[in-house]
Amino acid sequence: MQAWQVHENGEPSEVMRLADVAPPTPGDGQVVLRVRAANINFPDALMCRGHYQVKPPLPFTPGVEVCGETEDGRRVIATPLLPYGGFAEYAVADAAALLPAPEALDDAEAAALHIGYQTGWFGLHRRARLEAGETLLVHAAAGGVGSAAVQLGKAAGATVIGVVGGPGKAAVARELGCDVVIDRRAEDVVAAVKEATGGRGADVVYEPVGGAAYAQSAKTVAFEGRIVIVGFASGTIPSPALNHALVKNYSILGLHWGLYNTKNPKLVAHCHEQLTELAARGAIRPLVSERAPLGDAAAAVQRVADGVTTGRVVVVPEHASGGGPAGAAPENGAVA
């Protein structure tokens, strides 16, 4: 089969190499999935660079989120078990963690539903307890993680303010449903948020960026507001001033979604049910801005790493149909 492999750490476009390799062999409790679509996440780029908290042994195949097909033809969502990631024709996953792909979504959309939307749902509902009528501020609102939070916030009945970088991304954020869009390159974010909220600030801030975005969050969060920390795409991990949190009376909430897979997997399944229902009634739909062939995966991962994409970029192997009938399983019967 064809698979992208990382043999040394560095920029994705430089260290990802497409190779013909033997199909992966599943271990106990694992299955091999035919990859129908693999969504690109920022951690894929971080793992290529060796900067992610999870450091798979070299060589490994990146790709932590797929829509795949089981041997009996079921369309499922999975987080592949590295080193056999999703940027390949076949990937390995935990059989007990497979989730049914929503019928309302095609393969590329289903591949993009899991991590970003689960993170958004847990962050907004489990951690921040977002309520209808509250104001939600989303940084990087046109990106993969931010776009999911925007849609989930609107579905929850919140007023959503999106912060983006550039007019192109501002247009995407408006299409996603943001009530207010702030271009951080052309506007003072703090002043714009205060103006939009009548000086009150945002009840919930969804923060996947770090660096300057966190400093803006602390200045714009409302009394008894909640800042949800979900990542540091800027590469800069902030050091919060806890005295500021005390005198302003706000909460700083961390969210590492992956922990729920081991700490409370039933919540992950419950969240998927909620997301499937929202997708069925059209309240959420992953914004897939590009469907890249497997041969272009390294360049696509690099674009995500460079922050020049909007929504989700999904890798679709040539054997995949993008949502139609699945192809045949391998003759060796390795797919389960």
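R36, E69, R75 and D107 are joined to one another in a network of salt bridges, one feature of a model that is predicted. Side chains of opposite charge can pair when their charged atoms come close.

The side chains of D106 and R291 meet in a salt bridge, with 2.7 Å from N to O. This pair links distant parts of the chain, since D106 belongs to the loop between β7 (99-100) and α3 (107-111) while R291 belongs to strand β14 (residues 288-293), and the two are 185 residues apart. With a relative accessible area of 23%, D106 is partly exposed, and R291, at a relative accessible area of 42%, is partly exposed as well.

Another salt bridge is formed by the side chains of D179 and K154, where the N to O distance is 2.9 Å. Because D179 lies in the loop between α6 (167-176) and β10 (180-183) and K154 lies in helix α5, the pair ties together parts that are 25 residues apart in sequence. D179 counts as partly exposed at 42% relative accessibility, and K154 is likewise partly exposed, its relative accessible area being 32%.

In the salt bridge between R200 and D203, the closest N and O atoms are 2.5 Å apart. Here R200 is partly exposed, with a relative accessible area of 48%, whereas D203 counts as buried at 5% relative accessibility.

Turning from these pairs to the charges of the whole molecule, the protein chain has 27 positive and 34 negative side chains, and the centres of the two sets lie 7 Å apart. The accessible surface of the chain comes to about 14,000 Å², and 51% of that surface belongs to carbon and sulfur atoms.

The secondary structure of the protein chain comes to twelve helices and 15 strands. Its radius of gyration is 20 Å, close to the 20 Å that the globule rule gives for 336 residues, and the chain is therefore as compact as a globular protein of that length. Taken along the principal axes, the box filled by the C-alpha atoms is roughly 65 × 40 × 35 Å. Of the 336 residues, 53% count as buried, and among contacts with a separation of 6 or more, 67% are accounted for by residues 24 or more positions apart.

The backbone also has some local features to inspect. A cis peptide bond joins L58 and P59, with omega at about -10°, and P59 is found in the loop between α2 (42-49) and β4 (66-69). The peptide bond from L82 to P83 is cis too, with omega near 20°, and P83 is located in the loop between β5 (75-78) and β6 (90-94).

Positive phi values occur at A140 and E224, and they are about 55° at A140, although this residue is not a glycine, and about 60° at E224, which is not a glycine either. A140 sits in the loop between β8 (135-139) and α5 (144-155), where its relative accessible area of 35% makes it partly exposed. The place of E224, by contrast, is in strand β12 (residues 221-229).

Note on methods. Residues are numbered from 1 along each chain as its sequence is written. This is a predicted model: local features need pLDDT of at least 70, side-chain atom pairs count only at pLDDT 80 or more; totals for chains, interfaces and linings use all residues. Side-chain values use heavy atoms; hydrogens and water are left out. Helices (H or I, at least four residues) and strands (E, at least two) are DSSP runs, numbered from the N terminus. Buried means under 20% relative accessible area, exposed over 50%, partly exposed in between (1.4 Å probe, protein chains only). The radius of gyration is taken over C-alpha atoms; the globule rule is 2.2 Å times the number of residues to the power 0.38. Contact means heavy atoms within 4.5 Å. Accessible areas come from the Shrake-Rupley method with a 1.4 Å probe; for residues, only the protein chains shown count as cover. Lys and Arg count as positive and Asp and Glu as negative; His and the chain ends are not counted. The place of a charge is taken as NZ of Lys, CZ of Arg, CG of Asp or CD of Glu. A salt bridge is a side-chain nitrogen of Lys or Arg within 4 Å of a carboxyl oxygen of Asp or Glu.
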